[in-house]
Amino acid sequence: MTNQTLDTLAAGRTASVAGIAPSAGPLAHRLIELGFDEGALVEVIHQAPLGDPIAVRVDGSVVALRRALAHHILLADAA
Amino acid sequence: MTTATESLKPTAAARRQPLVAVVGHPNAGKTSLFNALSGARQKVGNYPGVTVERKSADLALPSGTRVELLDLPGCYSLIPHSLDEAVTRDTLLGLQPGESRPDAVLIVTDATNLAAHLRFALDAMRLGIPTVMALNRMDMAARDGLSLDSALLSEKLGIPVIGTVAVRKRGLDELLAAVERALPTSGTTPAPQPEFTPADPRKLGREARAIAKSVTLAEGQSRAASRKLDAVLLHPVAGPIILALLLFLMFQAVFSWAEAPMGWIESGIAWAQGIVSSILPDSVFRSFLNDGLLAGVGSVIVFLPQIIILFAFILVLEGSGYMVRAAFLMDRLMASVGLNGAAFIPLLSSFACAIPGIMATRSIPDARDRLTTILIAPLMTCSARLPVYAVIIAAFIPARSVFGPVGLQGLVLFILYLSGILGAMAAAFVLKRTVTKGPPPSFMMEMPSYQLPALRDILVGLWLRAGAFLKRAGTIIMGVTVALWALASFPAVPEGHPQSQVEYSIAGRIGNAIEPLVRPIGFNHEIAMSLLPAMAAREVAVAALATIYALDADDEDTSGLIERLSGSWPLPTALAFLAWFVFAPQCLSTLAVVRRETGGWKWPLFMFGYLTALAYIAAGVTYHAAMALGLG
């Protein structure tokens with residue numbers, strides 16, 4: 001069990017989501033609706049100028065979000 | 001109200017026109033499908049109390065039954081995160097004031113991203129309203145090599161599923177036939193459902209993924225093309241450069257492409273004035289037609305080509321999926337003044353008009369972010385300011401090249417737009433540290449695949465917006481210019497009086513009262529007179545000046561407003577006038593929308609105060625700087 005979160009995932013690496021940290025608060029629902037659900041495969045595919053926000057492929061969708069928000073997304077195993 | 005008509009025709013009430021709601025995930029191509037089904041016959045209105053746009057159309061089903069098709073805002077789930085989503089949920093539950101509960105629901109899903117879109121579909125199906133699903137973008141799925149079994153999907157969901165390609169109008173007849181079969185025959189309105197327990201999003205997600213997997217016959221290479229494009233368009237260095245070039249091209253195009261059609265409209269108006277002059281004898285009525293109606297309304301209508309070009313650019317950027325990328329690229333910059341990348345879209349829409357821009361802020365979840373965005377939206381140069389800028393630039397800025405194809409006039413226009421943007425950024429920076437202080441905002445948006453925007457969607461969008469502009473020109477602007485003509489024409493100046501007609505008139509006397517206030521910032525008598533009517537709408541300033549100068553000119557002098565202005569204003573006054581319009585809150589409709597959006601007079605009055613102060617300072621600084629530089 002690692003404690004890696006999505007904001008630290010290197011660009012081009014794929015990992016699977018372990019869950020949403022309780023720190024996400026009311027945003028947890030929306031993150032799950034956008035696809036950040038247990039078992040979903042994620043990959044950081046783009047970074048905005050200055051490295052933030054990031055664009056993340058989640059299964060068939062691409063979601064743009066700030067790193068601070070990506071910090072609430074827990075990863076299982078970086079593959 | 002049991003009226004005589006109702007008792008005479010007892011069946012009329014029972015045969016109420018059924019309501020069919022179109023719902024879906026935000027990027028499912030819902031609007032495209034709605035446009036394909038309804039074309040230009042859309043009615044755009046507002047929900048009472050909120051400024052969420054209500055788009056509907058009257059539609060005939062294959063049997064001839066007429067239904068009202070309602071385009072509800074896109075949604076991720078029935079747990080609303082924004083005002084938009086709340087309207088969709090409340091309408092589906094029958095709780096939206098003034099709206100009956102839909103008799104049937106048409107869910108639009110994107111075949112290329114089925115698992116994500118099925119989650120919302122499963123949520124909506126729990127409502128118990130007869131439902132039909134459009135499995136849209138089948139052509140893109142096929143191109144990606146993705147193959148879906150829609151019959152199996154229909155069987156698993158227990159609802160009709162029709163494959164469609166909205167942009168090519170494919171599958172629409174089958175879709176409408178399925179809607180017809182799904183409609184209940186009773187004709188009674190479904191009862192509201194105040195008790196609704198939202199589903200667990202995790203459970204819905206699992207269910208959606210399982211179903212999507214079981215109906216997928218062949219996995220496609222989805223998004224490969226989008227990813228290649230994004231490698232360039234979202235590149236940390238190339239991306240922002242391309243965005244800046246696109247915006248610059250947009251503003252150059254607004255100015256140069258519109259030139260020819262504007263010339264045609266101008267000659268058309270001059271031709272009409274000539275006809276009036278040759279038919280009617282010199283009279284108050286002739287002056288009313290030529291100097292009031294034709295000069296006033298004509299000077300606004302002439303900007304229709306520019307407004308259409310600007311809206312066309314915005315519609316293409318939105319329809320292609322680039323707008324979200326722009327928000328992504330801009331987020332960091334927006335964050336530096338305490339805003340959210342999501343605010344970029346309402347702010348860019350505000351370049352067309354602050355009203356749809358302010359309405360678009362309802363998609364910003366955080367209330368403080370939303371308020372800040374509303375307060376700075378009027379600083380984005382809206383299309384109503386274009387007429388003012390265009391006239392002043394044409395009159396005072398020489399049409400010469402600065403650098404290759406870049407003209408000086410276009411450059412000045414670009415600087416004016418830039419001033420508005422920088423002013424907005426500075427205002428947001430101050431507001432976020434004072435009146436709208438709060439925790440740092442977050443940014444989270446789905447990036448749809450790129451697609452070629454459908455010509456029909458662009459044309460329908462332009463049609464609705466050009467119609468709204470012409471309606472304004474024909475009502476508010478015409479009313480105000482006619483009123484101003486009357487104020488400037490009466491009382492008639494006595495023969496041999498040293499004052500001119502306009503100075504002697506009621507308008508001239510009102511202008512005299514305002515003049516001392518604006519004299520320090522370089523404004524003259526005519527400008528002072530045009531400021532009050534311009535509160536109705538900014539472009540009225542041009543109409544007002546046209547009316548004022550047309551009245552003072554001899555009837556033989558048919559030169560346009562531009563020629564008259566360039567001879568009568570010093571350059572610093574013209575520049576101060578431009579600076580004033582960058583900031584001035586000269587639009588009653590915007591203030592009214594802000595009042596409705598923020599639920600009171602506090603924020604619109606605050607906005608009016610701070611913008612007027614900014615405008616006064618900017619105009620004053622510009623005037624005195626230009627005088628000091630010896631431009632006077």
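Buried here means under 20% relative accessible area, exposed means over 50%, and partly exposed is anything in between (1.4 Å probe, protein chains only). This is a predicted model, where local features need pLDDT of at least 70 and side-chain atom pairs count only at pLDDT 80 or more, while totals for chains, interfaces and linings use all residues. Residues are numbered from 1 along each chain as its sequence is written, chains are lettered from A and ligands numbered from 1 in the order in which they are written, and side-chain values use heavy atoms, with hydrogens and water left out.

View 1. B:Phe490 sits in the loop between helix H21 (455-489) and helix H22 (501-504) of chain B; helices (H or I, at least four residues) and strands (E, at least two) are DSSP runs, numbered from the N terminus. With a relative accessible area of 36%, B:Phe490 is partly exposed. Together with B:Val284, B:Leu487, B:Ile506, B:Ile510 and B:Leu532, B:Phe490 makes a nonpolar surface patch of about 480 Å². Patches take residues with over 30% relative accessible area and no salt bridge, joining like charges within 9 Å and nonpolar side chains (Val, Leu, Ile, Met, Phe, Trp, Tyr) within 5 Å. The areas come from the Shrake-Rupley method with a 1.4 Å probe, and for residues only the protein chains shown count as cover.

**View 2. The buried face of H9(B).** Here are B:Pro201, B:Leu204, B:Gly205, B:Ala208, B:Ile211, B:Ala212 and B:Val215, the buried residues of H9(B). Down the axis of H9(B), they fall within an arc of 135 degrees, so they line one face of the helix; the arc is that of the directions from the helix axis to the C-beta atoms. Their cover includes helix H1 (27-33) of chain A and, from chain B, helix H5 (114-125) and helix H7 (150-157). Contact means heavy atoms within 4.5 Å.

**View 3. Salt bridges between the chains.** B:Glu85 pairs with A:Arg30 in a salt bridge, with the closest N and O atoms 2.9 Å apart. That pair runs from helix H4 (residues 83-93) of chain B to helix H1 of chain A, and both B:Glu85 and A:Arg30 are buried. A salt bridge needs a side-chain nitrogen of Lys or Arg within 4 Å of a carboxyl oxygen of Asp or Glu. A:Asp37 forms another with B:Arg202, at 3.7 Å between the closest N and O atoms. This pair also crosses between chains, from the loop between H1 and S2 of chain A to helix H9 of chain B. A:Asp37 is buried at 2% relative accessible area, whereas B:Arg202 is partly exposed at 28%.
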